[in-house]
Amino acid sequence: MAATTARQTAAQRRRHIAVIPCRWGASRFPGKPLALLGDKPLLWHVHQRCLEAKRLDGAIVATDDERIEVACRELDIDCIRTGEHLTGTDRVAEVAERLPADGYINVQGDEPFISPTAIDDVSEALEFTPPGTFAVNAYTELVDVGAVLDHNVVKVVVTARSEALMFSRQPIPYPRGDRPKYLRQLGLYGFTGEALQHFRRLQQGPLERAEGVEMLRFVEHGHVVRMVPVLDDGVAVDTPEDLARAERLLNQH
């Protein structure tokens, strides 16, 4: 008899998959996913890091752009064509509707050196997260003063319960008293399919629109985003200058 439960057999349903949302029209760096790092596009490097993670059952690029889709085909990377979306997480939510899995790890397509261990840490946190948690999000400590001041680097304030209190491109908290620890939000999130569909139904709030940080959508609506500390010293590529820095790092490996 055919299974009638939502949780289908392993052959039909995957456990955790990485989804790499990629769009062409990044304001600071158009065409960024296909920008060459070494002799391969940026998205190839991110996909490789996902393949090196041990807890995932596959990795797929999600894009609304034909050029990116064609490149994935040439590189033998799984790709799914989506509609246009406000954010990468909205794009991942469309993938979740079409590709059954227990969890989705959103790995941003501009983190070519993202640690596979960090990806596994987020997958594990998603599997064992308390009920009522809508997302898990990786973070790491910032030690570089330049990065603290860089508006391309998103900072997060975390509560004693390891929940996100606020995300900002500004250096938060302000050091009025003690010198605080600054924490960097990584573009590495974990969601259940149900949480992703809820995310799509929520309206963007004023904080998300002002900061351009999509996890603020959950925070503004009072939902828990569990923060997971990871070890990661990679380079997020937001600008052509970042790409040059990543190229130097690649040559050191």
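I call a residue buried under 20% relative accessible area, exposed over 50% and partly exposed in between (1.4 Å probe, protein chains only). The model is predicted, so I took local features at pLDDT of at least 70 and side-chain atom pairs at 80 or more, while totals for chains, interfaces and linings use all residues. Residues are numbered from 1 along each chain as its sequence is written, and side-chain values use heavy atoms, without hydrogens and water.

Entry 1, salt bridges. I counted a side-chain nitrogen of Lys or Arg within 4 Å of a carboxyl oxygen of Asp or Glu. The structure holds 16 of these salt bridges.

Arg200 sits in helix H6 and Glu97 in helix H3, 103 residues apart; helices are DSSP runs of H or I with at least four residues, strands runs of E with at least two, both numbered from the N terminus. Glu97 is exposed at 53% relative accessibility, and Arg200 is partly exposed at 32%.

Arg226 lies in strand S11 and Glu163 in the loop between strands S8 and S9, so the pair ties together parts 63 residues apart in sequence. Arg226 is buried at 18%, and Glu163 is buried at 15%.

I noted a salt bridge at 2.9 Å, N to O. The two residues are 3 apart in helix H9, about one helical turn. Asp242 is buried at 8%, whereas Arg245 is partly exposed at 40%.
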